[in-house]
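Subject: Model for your files

Hello,

Here is the model, with its sequence. My notes follow below it.

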Amino acid sequence: MLHLSLLFLVALTAIASISSVSAFLPRQTVAASTLFTLSASSSTAAETTDMPEVQVGDKIPSVDLMELKEAGGKPETVNLSDLIAGKRVAIFGVPGAFTPGCSKSHLPSFMEAQADLKGNGVDMTICVATNDAYVMEVSDNQCSNL
Amino acid sequence: MISICIFITYLSHSRQNQAWGRNSGGAAKGIRFLADGSAELTKALGLVMDTPAMVRTKRFSLIADDGVVTHYFSSAKESSDTWAPAVLSAL
């Protein structure tokens with residue numbers, strides 16, 4: 001959110017500065033600079049939805065995720081930053097729960113590696129997914145042969 | 001996506017992810033299954049995979065120490081680059 005606010009401020013500043021300059025320019029130039037202002041602010045808006053890919057040294061964002069610990073229970077909000085504070089964790093993300101690549105390779109590899117990961121000081125493994133209708137269509141049995 | 005949709009997907013997706021965790025046996029192994037139903041984390045990590053149906057997460061793995069990424073494994077070249085053996089070999 002901080003990034004969004006900063007970019008918004010930058011866009012506002014750009015608009016303000018161009019507007020003040022345009023007050024001293026002939027009408028046609030004003031029209032051109034107005035167009036420029038519009039395109040500048042729209043490109044700024046596009047950048048805010050396209051964050052750079054995570055890299056080493058980045059801080060994991062403080063976002064709320066949902067977790068259901070018991071079947072039939074209520075989903076609980078889990079703040080990711082709170083969950084991993086002071087710990088060494090492995091986080092892996094998949095395009096979708098129950099999708100073939102996730103159920104047959106990525107997730108099982110982390111299941112099998114739990115002892116080795118713990119041996120390397122990894123306290124916790126977290127799987128995240130945005131999920132989708134795949135999970136609604138797949139029967140329980142299809143993932144029981146992992 | 002409107003906020004009502006996000007709320008509904010949040011709830012349903014956490015149930016789905018939990019179901020996956022249980023049915024796959026991953027939860028029994030101690031893996032935590034968290035639903036990024038609104039894709040907030042996915043967007044913040046710059047890992048949005050836009051599909052006609054929905055926003056998905058590009059496959060990735062990472063190691064974080066006290067909230068800071070120390071190792072990152074992208075699937076840009078090979079999916080297997082993100083699997084646990086690749087992670088273990090880097091630790």
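What pattern does chain B follow, read along the sequence? The pattern is α-β-α-β-β-β-β-α, with three helices and five strands; helices (H or I, at least four residues) and strands (E, at least two) are DSSP runs, numbered from the N terminus.

This is a predicted model, in which local features need pLDDT of at least 70 and side-chain atom pairs count only at pLDDT 80 or more, while totals for chains, interfaces and linings use all residues. Residues are numbered from 1 along each chain as its sequence is written, and chains are lettered from A and ligands numbered from 1 in the order in which they are written.

Confidence. The model scores ipTM 0.79 and pTM 0.67. In chain B the mean pLDDT (the predictor's confidence in each residue, from 0 to 100) is 79, and 70% of the residues reach 70 or more. Where pLDDT is low, the predicted coordinates should not be read in detail.

Strands. β3(A) and β4(B) pair in the antiparallel sense over six bridges, pairing being at least two DSSP bridges between two strands. Here G93(A) stands opposite F60(B). β4(B) is also joined to β5(B) by six bridges, again antiparallel, with S61(B) opposite F73(B). The hairpin of β4(B) and β5(B) has two residues between the strands, and D66(B) takes a positive phi near 50 degrees. Strand β4 (residues 60–65) of chain B is largely enclosed by the rest of the structure, because five of its six residues are buried. Buried means 20 or more other C-beta atoms within 10 Å of the residue's own, with C-beta atoms placed from the backbone. Of the 91 residues in chain B, 45% are buried.

Leaving aside neighbours within four places in sequence, I91(A) is in contact with I126(A), V128(A), L62(B) and A64(B).

Regards

Key: Contact = placed C-beta atoms within 7 Å. Buried ≥ 20, exposed ≤ 12 C-beta atoms within 10 Å, placed from the backbone.
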